[in-house]
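Colleague: Could we go through a few local features together? I would like to begin with the helices.

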Amino acid sequence: MSTSNSNHGATINKEEIIPEESFPEWFKSKQQSLTNKDGSKISTEEIGLLIGLNYSTFRKFIYNQRTTKKRDFIIAVCAVMGCDRDDTNKALKLYGFPELDEYYRRDEIIWDLLVANPGTPVSVAQINEALDAGGYSPLDIHNHRNKEQTQDKPQVPFKLVRRHFQCTIEGIGRSSDTDSFLDLLYDVDCYYNMRTCFEYLSGGRRFELCIQHEEPHSDLSENIWQTGIRRRICPKRKKYIVYTYPTEEQESELYEYDRIDDTGAFRECFLEIEKKEREEKKRLCDTVNDTRNYGSRISAKVIDSELHIFCEMYNSDIPELSEYYLMDFCGGEYTLYVLNQSCFMQMDLSAEKYEQIYGKQPAFRLLHIRKTMDDAFCTKADLLNAPVLDRYSSEEEIEDSAYEARDIGTFETYGENAITKLRLKAYRKMKAEIDDMMRKLKNGTAHICSRELLGDAADNLIAAYFGLPDIENNEAGYSAAQFQDAFELGLRTVDENGAFLQKNGSLKINEVLSLQESEGAESYV
């Protein structure tokens with residue numbers, strides 16, 4: 001196989017220019033929709049009194065004759081006007097303050113009050129009571145010094161004027177050769193190169209703040225698989241970059257930081273940029289997390305020291321059911337799961353990587369259980385767990401299920417049970433695909449990890465992958481050939497090598513699969 005450079009990519013760009021509506025314009029528009037109980041319009045003076053400010057002071061803050069440094073002032077105004085979360089965030093942005101942060105507990109308390117009763121005014125006293133119950137200081141509305149009522153979160157007087165998100169999806173050619181390196185195929189961290197920029201105005205100057213991820217090492221001659229393994233060994237470094245545009249009086253300035261805490265007055269802005277980056281990455285990753293976007297997928301992986309080959313497909317015959325079929329082969333046994341959500345990526349990625357990208361794992365777990373004669377006659381309901389709707393370990397078990405009593409629908413004989421026919425169709429098709437993948441893995445035309453595709457750098461990359469200076473001369477107790485075989489299995493640590501070897505007696509993938517096939521044959525005797 002060629003190891004020439006084929007690391008081509010496609011770039012996604014999203015740009016948003018922030019509307020030029022001013023805060024006074026927003027306030028006036030919002031005020032016009034407010035009325036008292038008698039139907040009369042609510043005046044600016046009345047709104048000011050609701051938050052404890054006289055008309056003169058309140059009006060100056062609202063119409064930018066004076067600028068308040070109190071973010072809580074805007075929050076209080078929005079609350080007493082009955083604004084929801086979105087309106088409040090818009091007002092904060094227009095005035096140059098950070099939006100409400102649902103991950104910051106003090107903001108979350110305010111957030112909950114605003115969304116509890118949409119359109120209903122929330123008084124300053126109500127907010128202060130909730131903040132006090134949560135152990136936080138009350139709203140700090142007035143522009144005066146008070147050491148006992150300092151803000152819990154520093155404020156930044158920047159006005160956001162532009163957002164730009166860019167993601168280059170590298171190695172798009174991998175989708176045309178899916179069997180070459182199964183372990184890297186859907187690990188998007190190896191292929192996504194993201195850059196997120198916000199532009200702000202403050203003090204008459206324009207600032208561009210960017211978060212980008214830089215390679216600690218880069219080689220243009222690398223192929224996509226070499227780059228993917230290297231990025232696992234040495235992840236990209238996050239950089240916080242501040243560029244100040246030039247003016248007639250001042251030259252441009254450029255600063256780079258390795259830590260967000262070193263960005264000073266820009267820290268709150270960078271927190272907002274990080275939040276946007278997480279949202280955009282999740283949107284992209286959610287697409288990869290759903291087999292419905294692929295039709296069907298297949299892969300192989302070592303899970304708990306056992307080699308699994310697994311395949312998932314969406315039930316496109318009756319898409320209204322929103323069902324997925326996942327078949328797993330392990331220990332010589334085929335198990336078909338019927339799921340109400342896609343679980344392919346949960347099996348394909350490590351538990352740590354899945355949670356890092358997608359959050360808490362779904363409740364799905366493998367039910368690889370050695371069948372006994374007793375199992376054939378007992379209900380399997382107690383073995384199922386969400387999102388598993390059904391589980392079958394043979395065609396006979398699917399056929400027998402046609403005569404099971406169901407919670408919904410009428411009893412149907414096997415010949416009339418269309419659902420059972422679909423289960424059989426899926427079982428046979430997916431078993432054939434797994435058997436084909438097994439043959440490819442045994443004869444070397446498919447790979448979990450391919451040493452050959454790493455080219456001349458293979459042994460050096462494998463050594464670094466296992467945290468060793470050299471696979472030829474190491475203190476781990478394994479030969480270079482054993483590390484090469486362990487890499488082909490997708491193992492990642494010396495401890496995983498030992499556990500797998502102890503359980504299976506070999507690190508050679510063809511020997512392990514041959515043993516599993518013989519175990520499967522014995523179980524049917």
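Modeller: A term first: a helix here is a DSSP run of H or I with at least four residues, and helices are numbered from the N terminus. Please also keep in mind that this is a predicted model.

Colleague: Understood. What follows helix 17, then?

Modeller: Gly 505 comes after helix 17, and its phi is positive, near 80°.

Colleague: And which residues of helix 17 are buried?

Modeller: Helix 17 covers residues 494-504, and its buried residues include Asn 497, Gly 498, Phe 500 and Asn 504.

Colleague: How do the axes of helix 16 and helix 17 cross?

Modeller: The two axes come within 11 Å and cross at roughly 90°, helix 16 being residues 480-489. Helix 16 and helix 17 are therefore roughly perpendicular to each other.

Colleague: Which residues make the contact?

Modeller: From helix 16 there are Gln 482, Phe 483, Ala 486 and Leu 489, and from helix 17 there are Val 494, Asn 497, Phe 500 and Leu 501. By class, six are nonpolar, two are polar and none is charged.

Colleague: Changing topic: is Arg 232 buried or exposed?

Modeller: Arg 232 counts as buried because its relative accessibility is 18%, and buried means under 20%. Arg 232 lies in helix 9, residues 224-233.

Colleague: With which side chains does the side chain of Arg 232 make a polar contact?

Modeller: One is the side chain of Asp 183, at 2.6 Å. Another is the side chain of Tyr 465, at 2.8 Å.

Colleague: What else is Arg 232 in contact with?

Modeller: Leaving aside neighbours within four places in sequence, the contacts of Arg 232 also include Leu 184, Asp 187, Cys 190 and Arg 492.

Technical notes. Residues numbered from 1 in each chain as written. Predicted model: local features only at pLDDT ≥ 70, side-chain atom pairs only at ≥ 80, totals over all residues. Heavy atoms only, no water. Buried < 20%, exposed > 50% of the residue type's maximum accessible area, 1.4 Å probe, protein only. Helix = DSSP H or I, 4+ residues; strand = E, 2+ residues; numbered from the N terminus. Axes fitted to C-alpha atoms, helices over the stretch in contact; angles between N-to-C directions. Parallel < 35°, antiparallel > 145°, perpendicular 65-115°, else oblique. Contact = heavy atoms within 4.5 Å. Nonpolar A, V, L, I, M, F, W, Y, C, P; charged D, E, K, R; others polar. Polar contact = N/O pair within 3.5 Å; in protein donor to acceptor, adjacent residues only side chain to side chain.
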